[in-house]
Amino acid sequence: MLTVCQASFHLDIDALKPQALYKETIRKAVKSEGRFVRQSSSIGRYGHCWIELEPKLRDTGNEFVNNIVDENVIPSEYIPSVHEGIQRAMTCGVLGKFPVVDVKVTLYNGSFHQSDSNQMSYGIAGLMAFKNGMKQAAPVILEPIMKLTVEAAECNLPDVINEIPSMWGRTEEIESKDGLSIWTADVPLRELMNFTETLNFKIGGRGNCSAVFGYYDEIPENRKETIIHESSLRDAYYQDLFFWSKWGQEDEEHYVNNFIESLWE
């Protein structure tokens with residue numbers, strides 16, 4: 001179909017395969033400064049803040065705390081701008097440009113200029129502080145782990161299991177029920193997407209398989225560079241189709257489950 005369209009309408013089609021929904025988070029607490037100072041002719045710009053980044057428990061969300069109580073440190077009118085800059089930085093992490101999750105940010109210090117300070121400058125200062133801090137906070141990429149279930153005759157199951165090393169399968173269990181072997185494993189979504197055709201072929205209509213979203217976990221260190229490289233090739237595509245950083249957890253699970261079901265069609 002793509003070939004016919006390209007030939008008939010002279011279309012330049014860039015077809016990209018679906019991407020796994022990665023996230024980023026941090027593993028240690030750090031303090032970071034954001035300082036934005038610019039002078040252009042008679043117009044000055046000044047924004048300055050200190051923040052602390054702390055990792056939170058998985059799936060507890062991001063948190064912003066304002067500990068500024070003295071108007072002579074940062075006037076209250078600029079605090080929302082600092083927060084907005086931090087939120088903007090969280091939509092695009094420092095490793096693979098993935099949304100940042102489960103980070104507590106505390107604004108605790110800063111300064112202002114009587115005539116040059118404005119909301120834009122503090123927004124930029126907040127963004128700079130978060131980006132700088134995250135680079136120092138042991139950032140890590142998280143990937144969705146699917147709970148895969150395969151039901152097949154015992155004679156077919158070994159062929160399926162032998163494929164698992166290439167899928168980086170994690171926890172595995174096998175049980176028997178009504179003459180079938182039921183095999184379950186925790187498999188990264190990225191590997192499962194590359195495996196569905198092979199899996200269906202090996203089952204050969206003599207069994208069935210299903211997968212549902214399980215949890216997010218850190219990617220192995222030896223795969224980090226590959227995922228970062230892949231993310232650099234599809235920035236706009238990823239942001240447009242999977243801008244899910246504002247979803248709640250239930251919506252996220254619903255989306256990922258629907259997404260993986262489409263792979264079996």
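**View 1. K131 lies in helix 3.** Welcome to a predicted model, in which local features need pLDDT of at least 70, side-chain atom pairs count only at pLDDT 80 or more, and totals for chains, interfaces and linings use all residues. Residues are numbered from 1 along each chain as its sequence is written, and side-chain values use heavy atoms, with hydrogens and water left out. K131 is buried yet has no salt bridge; buried means under 20% relative accessible area, with a 1.4 Å probe and protein chains only, and a salt bridge needs a side-chain nitrogen of Lys or Arg within 4 Å of a carboxyl oxygen of Asp or Glu. The nearest side chain of opposite charge is E24, 7.4 Å away (Lys and Arg count as positive, Asp and Glu as negative; His and the chain ends are not counted). Apart from neighbours within four places in sequence, K131 is in contact with A89, C92, G93 and V94, where contact means heavy atoms within 4.5 Å.

**View 2. Here are the rings of Y22 and F98, one of 3 aromatic pairs in the structure.** Their centres are 5.2 Å apart and their planes stand at 50°, so the pair is tilted. Rings of Phe, Tyr and Trp (its six-membered ring) pair if their centres lie within 6.5 Å; planes under 30 degrees apart count as stacked, over 60 as edge-to-face and the rest as tilted. Helices (H or I, at least four residues) and strands (E, at least two) are DSSP runs, numbered from the N terminus. Y22 and F98 are both buried.

**View 3. Now meet the rings of Y78 and Y122.** With centres 4.8 Å apart and planes at 15°, these rings are stacked. This pair, too, links distant parts of the chain, 44 residues apart: Y78 sits in the loop between strand 4 (63–66) and helix 2, Y122 in helix 3 (residues 119–136). Both Y78 and Y122 are buried.

**View 4. The charged end of K23 sits over the ring of Y216.** It is 4.2 Å from the centre of that ring. A charge sits over a ring if NZ of Lys or CZ of Arg is within 6 Å of the ring centre and within 35 degrees of the ring normal.

**View 5. The charged end of K31 sits over the ring of Y108.** Here the distance to the ring centre is 5.4 Å.

Technical notes: Buried means under 20% relative accessible area, exposed over 50%, partly exposed in between (1.4 Å probe, protein chains only).
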